[in-house]
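Dear colleague,

I am handing over the structure that we talked about, and you will find it just below. Please look through it before you read my notes.

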Amino acid sequence: MIDGHVHIEKSPYTIEYIMEYVKQAQARGIDEINLLEHTHRFTEWKELYDSARNAHPKMKEWLDNKNTISIQDYLKLITEVKAMDLSVKLNFGLEVCYFKDKEDFIKEQLALFPYDFIIGSIHYVYDMAYDLDNISQAILWDVKDVDDIYRTYYKDTEHLICSGLFSQLAHMDTIKKYNLYPSYDLTKTYHHIAEMLKKQDMKTECNVGCYYRYHHHDLGLSDELLEILKEHQVDIIPCSDAHQPSDVGIHFNEVQKRLYDKRP
Ligand SMILES: [Zn+2]
Ligand SMILES: [Zn+2]
């Protein structure tokens with residue numbers, strides 16, 4: 001069993017800290033973890049966020065606070081951990097924020113190191129983060145039409161998939177985080193995206209981050225979206241979106257049931 005999306009950002013890079021993830025994985029019967037960092041952390045990736053920084057002073061402040069370390073430190077950690085013989089397989093990658101006009105930049109940056117996997121995420125709609133508590137409500141949800149936000153989010157998701165830059169699409173429906181839903185039906189959109197994922201041979205996630213951190217009622221993907229992805233035989237990877245070792249593999253028994261149980 002694999003946990004496909006695990007952050008290590010809450011500690012300086014040390015082998016001891018990585019070993020805490022290994023221990024928790026073993027305790028929950030997980031034998032493989034995709035460890036990753038958000039690209040917004042790295043000074044080398046700062047340029048990716050130019051449009052978001054210019055979009056609103058609150059975005060600039062938030063991003064500048066995050067953008068503090070060199071990716072060289074992360075790459076050094078990866079090399080050190082890869083030299084170790086561990087009972088849990090550790091893959092290392094990045095969670096990249098996708099911006100359509102930055103595809104060339106992303107491509108150049110990704111070519112600099114042989115990552116095990118690359119996750120593409122839509123975290124910004126109209127260059128505003130849609131999921132930041134105390135920020136997103138005022139700068140995005142209160143000023144833009146919810147239908148337009150959803151249409152843009154899924155249009156950008158389609159561009160992300162088409163780009164061919166990523167092996168995995170992050171948390172496909174987390175735009176629902178605040179329980180704000182469009183007035184139009186998403187079924188057609190879901191089918192279209194499922195077809196595209198299958199065609200591009202990309203995985204997508206059943207990511208429970210919103211469930212246990214933000215108390216959204218869906219255990220990852222919504223029932224409707226999950227059924228459509230299954231119908232199109234899209235490869236769905238269970239993801240804790242852990243931001244600390246104790247959350248690795250959280251709720252995976254229930255997630256496994258949703259992903260693999262046959263209906264009567
Ligand atoms: Zn994300
Ligand atoms: Zn994440």
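How many disulfides does a search of the whole structure find? The search finds 0, where a disulfide is a pair of cysteine sulfur atoms within 2.5 Å. This is a predicted model, in which local features need pLDDT of at least 70, side-chain atom pairs count only at pLDDT 80 or more, and totals for chains, interfaces and linings use all residues. Residues are numbered from 1 along each chain as its sequence is written, chains are lettered from A and ligands numbered from 1 in the order in which they are written, and side-chain values use heavy atoms, with hydrogens and water left out.

Cys162 is in no disulfide, and the nearest cysteine sulfur, which belongs to Cys97, lies 19 Å away. With 49% relative accessibility, Cys162 counts as partly exposed (buried means under 20% relative accessible area, exposed over 50%, and partly exposed in between, with a 1.4 Å probe and protein chains only). Cys206 is also in no disulfide, the nearest cysteine sulfur being that of Cys239 at 8.2 Å, and Cys206 is buried, at a relative accessible area of 0%.

As for the helices (DSSP runs of H or I, at least four residues, numbered from the N terminus), Thr187, Tyr190, His191, Ala194 and Leu197 in H8 meet Glu224, Leu225, Ile228, Leu229 and Glu231 in H10, contact meaning heavy atoms within 4.5 Å. The residues of this contact of H8 with H10 divide into 6 nonpolar, 2 polar and 2 charged (Ala, Val, Leu, Ile, Met, Phe, Trp, Tyr, Cys and Pro count as nonpolar, Asp, Glu, Lys and Arg as charged, and the others, Gly among them, as polar).

Best wishes

How values were computed: Helices (H or I, at least four residues) and strands (E, at least two) are DSSP runs, numbered from the N terminus.
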